[in-house]
6 protein chains.
Amino acid sequence: MRGLYVGRFQPFHRGHLEVVQSILAGTPEIEVLLAIGSAEQAFTWENPFTAGERYEMIDRALRDAKLARTVIVPVPDIARHALWVRYLEELLPPFQQVYTHNPLTHLLFKRAGYPVENPPLFDRVLHEGSRIREMISRGQDIQRLVPPTVDSYLKEIGAAERLRLLRPPRPSPPTHRQPTGD
Amino acid sequence: MRGLYVGRFQPFHRGHLEVVQSILAGTPEIEVLLAIGSAEQAFTWENPFTAGERYEMIDRALRDAKLARTVIVPVPDIARHALWVRYLEELLPPFQQVYTHNPLTHLLFKRAGYPVENPPLFDRVLHEGSRIREMISRGQDIQRLVPPTVDSYLKEIGAAERLRLLRPPRPSPPTHRQPTGD
Amino acid sequence: MRGLYVGRFQPFHRGHLEVVQSILAGTPEIEVLLAIGSAEQAFTWENPFTAGERYEMIDRALRDAKLARTVIVPVPDIARHALWVRYLEELLPPFQQVYTHNPLTHLLFKRAGYPVENPPLFDRVLHEGSRIREMISRGQDIQRLVPPTVDSYLKEIGAAERLRLLRPPRPSPPTHRQPTGD
Amino acid sequence: MRGLYVGRFQPFHRGHLEVVQSILAGTPEIEVLLAIGSAEQAFTWENPFTAGERYEMIDRALRDAKLARTVIVPVPDIARHALWVRYLEELLPPFQQVYTHNPLTHLLFKRAGYPVENPPLFDRVLHEGSRIREMISRGQDIQRLVPPTVDSYLKEIGAAERLRLLRPPRPSPPTHRQPTGD
Amino acid sequence: MRGLYVGRFQPFHRGHLEVVQSILAGTPEIEVLLAIGSAEQAFTWENPFTAGERYEMIDRALRDAKLARTVIVPVPDIARHALWVRYLEELLPPFQQVYTHNPLTHLLFKRAGYPVENPPLFDRVLHEGSRIREMISRGQDIQRLVPPTVDSYLKEIGAAERLRLLRPPRPSPPTHRQPTGD
Amino acid sequence: MRGLYVGRFQPFHRGHLEVVQSILAGTPEIEVLLAIGSAEQAFTWENPFTAGERYEMIDRALRDAKLARTVIVPVPDIARHALWVRYLEELLPPFQQVYTHNPLTHLLFKRAGYPVENPPLFDRVLHEGSRIREMISRGQDIQRLVPPTVDSYLKEIGAAERLRLLRPPRPSPPTHRQPTGD
């Protein structure tokens with residue numbers, strides 16, 4: 001049995017890792033399929049890291065945490081939300097269960113007949129992607145918030161400098177919900 | 001003679017219906033071509049309903065109001081405003097007149113040499129699409145604002161729940177004008 | 001109840017018209033939804049006429065044949081066959097039945113759970129689109145093959161000259177099947 | 001160290017499996033990244049199977065052959081060959097070596113400075129994808145040509161019927177080279 | 001030797017012209033390649049003028065200023081920032097030097113190994129594109145801010161009326177950085 | 001006054017150069033705008049050279065022939081022929097005259113109201129692009145067919161090796177006409 005967990009992972013943080021651990025712990029035979037959403041996006045404030053960089057940081061974190069039974073797939077966006085579930089069904093190997101905190105993802109998969117589960121939250125406020133990006137861009141320490149391999153990888157690729165350049169002049173609240181979530 | 005009336009119809013409301021009635025009443029032989037703009041968009045706050053759902057709600061409202069001499073065509077967006085009029089000319093059967101309240105649509109069709117008319121407004125403030133979506137998402141009664149068949153169709157497809165999920169955390173003013181209008 | 005009939009209608013010929021008549025005759029309450037496939041294509045040998053021109057020729061032929069309970073919708077291609085049925089479901093008003101001679105269309109709709117029917121054929125060989133385009137391009141008479149309103153419309157838009165220019169140096173057999181069919 | 005092996009895998013056959021085995025045998029620490037090219041294509045003669053189906057058949061074959069140190073990634077085409085290598089660099093985790101039999105892939109990666117290797121061939125004639133598709137479509141036995149798990153998976157998804165429908169009226173020679181190869 | 005100078009030039013103003021003059025003055029043999037970014041955009045507040053109109057206004061300004069050794073190329077956006085430099089390398093003739101004030105452009109070209117220079121600024125505050133568009137839309141005099149040929153060309157194409165229609169109801173701060181800059 | 005001359009220039013040969021010379025000779029004040037069609041295509045048999053390489057070879061040939069009053073613009077394809085003329089009107093600076101040997105280009109511009117001229121032919125058979133590509137791929141001498149600067153540039157970029165790799169197994173006749181011509 002495969003469970004699908006969709007995110008943008010900008011960056012992959014402890015909250016994400018704990019979700020994977022909790023899914024694996026909760027269902028003995030399950031394989032977790034981590035879909036990297038908005039894979040074509042990079043070098044923007046919302047999506048600073050390329051899909052390849054995100055693949056690498058997830059891969060290192062999962063190996064370091066010794067989490068087998070996981071696979072990673074980059075998934076470019078499709079412009080049409082109404083086709084999104086069908087698009088994932090054709091692009092990915094079969095999955096039987098969906099995990100998400102995102103209400104739109106929840107709605108779209110429910111509508112298509114999938115069982116959808118809300119994994120426990122683990123300090124969501126702390127682990128919000130945009131807050132972590134803000135901290136990186138200001139040179140603040142994020143060791144508590146990301147796995148150690150991600151922390152060192154972000155230093156390796158110069159994440160602080162990249163994010164400082166990409167930070168918008170004034171922060172704006174997100175005004176649209178995306179199925180790829182946070 | 002055909003007259004083109006472009007809108008996004010999210011949802012189709014009484015203001016829209018009255019525009020169609022007024023065009024039909026004003027020109028005996030005219031056929032009204034209702035173009036559903038942004039047809040590829042759905043499941044967003046600005047465009048919650050699919051083109052198919054919008055087609056269905058318009059179709060029911062026009063039949064209920066016994067308005068013959070109308071046809072409906074879903075029209076996906078084209079990314080380039082400068083090609084938009086030409087794109088509609090190739091996609092749609094010939095039309096000789098354009099009806100719109102949208103200033104950009106007005107500008108683009110004028111520039112292409114079409115007669116463009118501003119149909120009377122019928123309480124525009126009341127009938128603004130975003131205000132009606134806000135009301136639906138809050139579970140408020142919109143019977144006064146949409147045709148009865150649209151009201152029941154919206155209930156049928158669970159519009160209130162969908163809009164509640166799609167509503168942005170904080171409302172933001174629209175900052176760009178689109179030719180597909182409201 | 002609505003029945004979907006997909007074609008490219010390059011041009012709309014007597015075979016197409018007879019299919020519509022036969023569907024309407026066979027199911028008293030049915031409305032036929034004629035979807036003009038490859039709507040974005042024009043000025044090629046396979047797709048010489050714009051969607052707007054095809055809409056117009058179908059509209060004239062249906063009016064002339066006094067066939068009510070029909071609606072026409074131009075449908076641009078979507079690059080991915082695997083998403084095609086879902087795409088039509090979101091773009092078009094609900095339909096419950098599909099009519100087609102095309103084996104790929106048949107396969108895709110069957111796979112999605114739709115009842116699919118093969119309407120009777122009416123001299124398919126005579127009415128093949130590419131054969132009619134060849135005849136038009138050579139200035140041959142096609143009166144027997146298309147409805148009279150289509151014949152005169154094709155003269156009106158200079159179809160013979162257009163097709164003469166678009167005819168490939170050497171005819172080549174079609175080597176790929178498209179769901180939009182002939 | 002990662003090695004990239006790009007193919008369309010329509011279907012995944014013994015020749016492909018032997019290439020993976022030979023790469024793994026030849027370089028102790030290497031991880032093989034199997035990129036499923038033309039991932040957005042399906043239900044055509046050249047690309048009958050969805051990326052998800054191809055992922056599944058590769059996954060089953062690799063597990064059955066007990067080949068660890070392999071990962072699979074579906075890769076949608078990018079229209080521009082000149083950007084293809086750069087596109088793969090951003091979409092995939094870092095790779096240091098490329099394996100291919102395709103001359104265009106060879107050229108593009110060489111030009112970008114990668115070491116490119118031609119893995120040994122294993123009866124290429126026997127294992128050509130189009131020949132295997134032809135055999136499946138004619139109901140012929142392909143047990144000698146594909147791994148046993150692929151053979152049974154193809155039966156499971158009705159490959160013979162699908163390919164029979166998709167087979168072009170007359171076979172045509174491929175006239176363009178694609179970097180995604182065979 | 002060619003130097004690349006990328007901008008959106010909405011409109012082309014004195015600040016832009018002075019940058020070109022300063023590059024030409026600083027490097028005797030250099031040819032300046034002005035790339036008109038976001039060439040596919042027009043009739044929006046951020047990009048009111050078509051690429052053709054922008055080409056024409058730049059061309060007139062350069063001729064009037066007698067600046068030889070300059071060429072102009074419209075460059076449509078590519079959705080993926082990570083491919084942007086490579087895309088320009090394939091679309092444009094070879095260039096060896098990049099000029100920009102935009103920090104993202106700077107980052108992307110640096111990462112690709114190009115020498116990137118910050119030309120002197122010439123009252124950047126005065127010459128910001130959005131401020132000039134605001135002034136045009138309010139009918140204010142911009143003679144001090146744009147070359148005389150641009151001023152008259154803008155009058156010729158009715159820029160004031162166009163911008164008045166496109167001006168958003170409430171101005172919003174730009175929240176994302178684009179490599180095409182201002 | 002500007003005259004538009006559209007081609008793919010794969011490669012730019014003596015026939016192209018003679019057309020430019022003849023246009024310049026025939027109309028004293030004219031500026032020739034050479035639009036490089038299918039600019040996004042490269043590394044295929046029909047379009048082996050990138051737009052940047054084609055820009056460079058044209059630029060060298062025009063300088064060598066001392067042909068002033070010429071400008072070069074790469075033009076990516078637009079999928080829809082019916083929008084092609086409008087697309088060029090928005091992308092390019094204003095032009096008043098079109099030069100082409102291509103019948104489809106002729107048809108589309110005539111339909112849009114442009115004066116279209118057939119420049120004299122100069123041994124068209126000899127200068128056909130596909131024949132020159134064939135010769136290059138076979139290592140044959142093409143000095144008589146291309147300007148000297150193009151001949152040396154093609155050697156510089158390894159054209160013979162590239163074309164040898166891209167040559168299709170069996171040559172196939174072109175079966176579709178494109179407005180970008182030869």
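**View 1. Where chain A meets chain D.** In this predicted model, 17 residues of chain A are in contact with 17 residues of chain D (two residues are in contact if their C-beta atoms, placed from the backbone, lie within 7 Å). On the chain A side, the elements that give two or more residues are α2 (51-64), β3 (70-74) and α3 (84-91); helices (H or I, at least four residues) and strands (E, at least two) are DSSP runs, numbered from the N terminus. The largest share, five residues, comes from α2(A). By class, this side of chain A has eleven nonpolar, two polar and four charged residues. Here Ala, Val, Leu, Ile, Met, Phe, Trp, Tyr, Cys and Pro count as nonpolar, Asp, Glu, Lys and Arg as charged, and the others, Gly among them, as polar.

**View 2. The open sheet of chain A.** Follow the five strands in the order β3-β2-β1-β4-β5, with parallel pairing; two strands pair if DSSP finds at least two bridges between them. β3 and β5 (116-117) of chain A stand at the edges with a single partner strand each, so one side of each has no neighbour in the sheet.

**View 3. Strands β4 and β5 of chain A.** Strand β4 (residues 97-99) of chain A runs parallel to β5(A), and two bridges join them. Look for A:Val98, which stands opposite A:Val116 in β5(A).

**View 4. Chain A along its sequence.** Chain A has seven helices and five strands, which follow the pattern β-α-β-α-β-α-β-α-β-α-α-α.

**Reading the labels.** Residues are numbered from 1 along each chain as its sequence is written, and chains are lettered from A in the order in which they are written. In this predicted model, local features need pLDDT of at least 70, side-chain atom pairs count only at pLDDT 80 or more, and totals for chains, interfaces and linings use all residues.
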